[in-house]
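Q: How does one read a protein model feature by feature? Please take me through the one shown here.

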2 protein chains.
Amino acid sequence: MNNATAMPRPTAAGLVEGVLGGDRLLLARAITRVENHEGDAAELLSALYPHTGRGHIIGVTGAPGTGKSTLVTALAQSYRQGGMTVGIVAIDPTSPFTGGALLGDRVRMRALAGDTGVFVRSMATRGSLGGLSKTTGDVVTVLDAAGYDRIIVETVGVGQAEVEIASTAHTTLVVEAPGLGDEVQAIKAGILEIADILVVNKADRPGVDKTLRALEMMLEIENGGARMIRHHGQLLRVETPAALAADWDGENRWKVIVMKTVAADGSGIVELRDRIEAHWRWLEESGEMAIREQLRIANTLENIVRAELNRRILARLPAAGMDRMVAAIRARETDPYAAAGKLLAGM
Amino acid sequence: MNNATAMPRPTAAGLVEGVLGGDRLLLARAITRVENHEGDAAELLSALYPHTGRGHIIGVTGAPGTGKSTLVTALAQSYRQGGMTVGIVAIDPTSPFTGGALLGDRVRMRALAGDTGVFVRSMATRGSLGGLSKTTGDVVTVLDAAGYDRIIVETVGVGQAEVEIASTAHTTLVVEAPGLGDEVQAIKAGILEIADILVVNKADRPGVDKTLRALEMMLEIENGGARMIRHHGQLLRVETPAALAADWDGENRWKVIVMKTVAADGSGIVELRDRIEAHWRWLEESGEMAIREQLRIANTLENIVRAELNRRILARLPAAGMDRMVAAIRARETDPYAAAGKLLAGM
């Protein structure tokens, strides 16, 4: 029996003290409690929240095979050399059932093992009760309260929840790579619009110039033409070139540029880190930070309310009544839309 | 001005008549109305529902680059040769912003154009108000009512919602391909457990034997060892080898096997179609169909209730009050968990 399992279950207050005091074991346990939505998770998060708001949250997303994990590792090392601490949340598309593959994918982050200034947490996309977005937000809250200077959230850029998670960071990196297949190209194209910084990783591979040209052409269209302003996938408004002209050359507009890296050998990482830091400063100076923080908080609030209502629905639906209802629908005596209306009438 | 845009907006009753009567234009408009959650969408779906329950719903999922679209096209052609009609819902990871890529990816389905026995609908994963799972289910309801014999739902096997959608079909195909990158391997491993049939597509490529061996080894572990029984990502129970031994050699247990295809030239497609049909018969004969239909209906009901509650929450939250609340959270005067508690107290 090791000490970790022998330790009695800490109270929420004990975990809060541990997280704020820099105890890695208690930090890990706090995150687990939050991930599992245990009874006192809300209490824990409430107590930690006043200590948040200092960390720079960086979202990293991209199609499979673009080398995101390697890039995140290299970025974290670069931050460490600058004396900063780094928390990493890696959202893994694999399931707990096949732990081997998951481990294999994270093997590249082993370069960070043993460094107490880095904390890495892998999460599976499935089995996340209460919603992936909410859970990820909660884990980021814990890492932020724990005092990590930079918090990197890595997701695969496919899937509604996964793309949303990366796009609600302070600074969002979209990672590309040359020479991937057709379907991957389509995925890449689909997430360009959320990028604050575009990264072409594996830039030592053949075809990199073609990838760069294609991206720069797309950016020109976006920067010079109509720009769609979205919030969580919903189109809020379309800014036309005329509307944009006013501030187009102003200092306050962030310019999305394409950067080249070879994460595996560290090429371009310092420049990328500098650009991320420049974006952070721009957020503060331009007033954009206030807007992003408001969106982040509104989003967090919505996620919490939604998760709690989902829990209440499930608790309130009488299992026996549900079974009867499902049987009636199966027999086509009623339909799910009418049945849902009846269920909702009492709420 | 063409006739389609000049046509007056059909009533829900008019759309129902059109869908049931085989009018493709009205079918397309009914699907659009359902996708956009227009006011009378629930009325429309309620009226169509009694006409559903005949179509065989086939989920096709897999990592990017495994050739799912080509496989779906080949399968549809094979069904057509057998005299059956086919509806296809392709969930596309790209956004409306970059329509070009989306089109590019679906170009392979052009082989089906002009055949009135096939209906193809592409949907974007983002911007799906009310949830991707619910919307997909609604579109399947419309196609089922329209009388399509086989309804194929294609999703990329990454992302919580996307994997769930494929797994709630009657028969789920997980598509693999040899020689993809590390991250894609991890994604592949993560979705194996939802497969009723495993397909190794692009089986003319180097490395196919390695892929086959790896999959068969995994199947042996799953079939011979503990088997995790899940429903929508939640682990329901783990069946141990002892618990499985009873029916392991029984006729009523479905055996997941690995099949090889080269969708681009049609190799293995007839065999795959036969195996899908065998699964459909097994569902009926084993009694498993009743269980799957119950899960499907319970899931549909939950999705509808959830979407409606989300709508109500958004409608009820007073925008002004929200803004004040978000400002208070930003100033760390309160926290999102406490604020959510207050919002929920009145619901």
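**Confidence and fold**

A: One begins with confidence. Residues 95–105 of chain A have a pLDDT under 50, and the model gives this stretch 22 contacts beyond four places in sequence. Residues 228–249 of chain A are likewise below 50, with 40 contacts in the model beyond near neighbours in sequence. This is a predicted model, and such stretches should be kept in view while reading it.

Q: What is the mean pLDDT of chain A, and what does the model score in ipTM and pTM?

A: The mean pLDDT of chain A is 81, and 78% of its residues reach 70 or more. The model scores ipTM 0.79 and pTM 0.79.

Q: How many helices and strands are there in chain A?

A: Chain A holds 15 helices and nine strands. Of its 347 residues, 54% count as buried. The accessible surface of chain A comes to about 14,500 Å², and carbon and sulfur atoms account for 53% of that surface. As for contacts between residues at least 6 apart in sequence, 72% of those in chain A join residues at least 24 apart.

Q: How should I read a sheet, and in what order do the strands of the open sheet in chain A lie?

A: The general idea is that strands of a sheet pair through backbone hydrogen bonds, in either a parallel or an antiparallel sense. In chain A, seven strands form an open sheet with parallel pairing, in the order E3-E2-E4-E1-E5-E6-E9. Its edge strands are E3 (118–124) and E9 (258–260) of chain A, each of which pairs on one side only. Neighbouring strands of this sheet are turned by 20° against each other on average, direction ignored.

Q: Over how many bridges do strands E1 and E4 of chain A pair?

A: Strand E1 (residues 56–62) and strand E4 (residues 150–156) of chain A pair in the parallel sense over seven bridges.

Q: How do I judge the two faces of a strand, and are the residues of E5(A) buried or exposed?

A: In a regular strand the side chains alternate between the two faces of the sheet. Six of the six residues of E5(A) are buried, so this strand is largely enclosed by the rest of the structure. A:Thr171, A:Leu173 and A:Val175 are buried on one side, and A:Thr172, A:Val174 and A:Glu176 are buried on the other.

Q: Which strands are joined to E5(A) by bridges?

A: E1(A) runs parallel to E5(A) and is joined to it by five bridges; here A:Ile58 stands opposite A:Thr171. E6(A) also runs parallel to E5(A), with four bridges between them, and A:Leu173 has A:Ile197 in E6(A) as its bridge partner.

Q: How are aromatic pairs read, and how many does the whole structure have?

A: One considers the distance between ring centres and the angle between ring planes. A search of the whole structure finds six aromatic pairs over all chains. A:Phe119 lies in strand E3 of chain A and A:Tyr148 in the loop between helix H7 (132–145) and E4, so the pair ties together parts 29 residues apart in sequence. A:Phe119 is buried, with a relative accessible area of 7%, and A:Tyr148 is buried at 9%.

Q: Which aromatic pair crosses between chains?

A: The pair of A:Tyr337 and B:Tyr49 is edge-to-face, with 6.5 Å from centre to centre and 75° between the planes. A:Tyr337 lies in helix H15 (residues 336–345) of chain A, and B:Tyr49 in the loop between helix H4 (41–48) and strand E1 (56–62) of chain B. Both residues are buried.

Q: Is B:Gly21 buried or exposed?

A: B:Gly21 is exposed, because its relative accessible area of 63% is over the 50% cut-off. B:Gly21 is found in the loop between helix H2 (12–20) and helix H3 (24–35) of chain B.

Methods. Residues are numbered from 1 along each chain as its sequence is written. Chains are lettered from A and ligands numbered from 1 in the order in which they are written. This is a predicted model: local features need pLDDT of at least 70, side-chain atom pairs count only at pLDDT 80 or more; totals for chains, interfaces and linings use all residues. Side-chain values use heavy atoms; hydrogens and water are left out. Buried means under 20% relative accessible area, exposed over 50%, partly exposed in between (1.4 Å probe, protein chains only). Contact means heavy atoms within 4.5 Å. Accessible areas come from the Shrake-Rupley method with a 1.4 Å probe; for residues, only the protein chains shown count as cover. Two strands pair if DSSP finds at least two bridges between them. Axes are lines fitted to C-alpha atoms, for helices over the stretch in contact, and angles run from 0 to 180 degrees between N-to-C directions. pLDDT is the predictor's confidence in each residue, from 0 to 100. Rings of Phe, Tyr and Trp (its six-membered ring) pair if their centres lie within 6.5 Å; planes under 30 degrees apart count as stacked, over 60 as edge-to-face and the rest as tilted.
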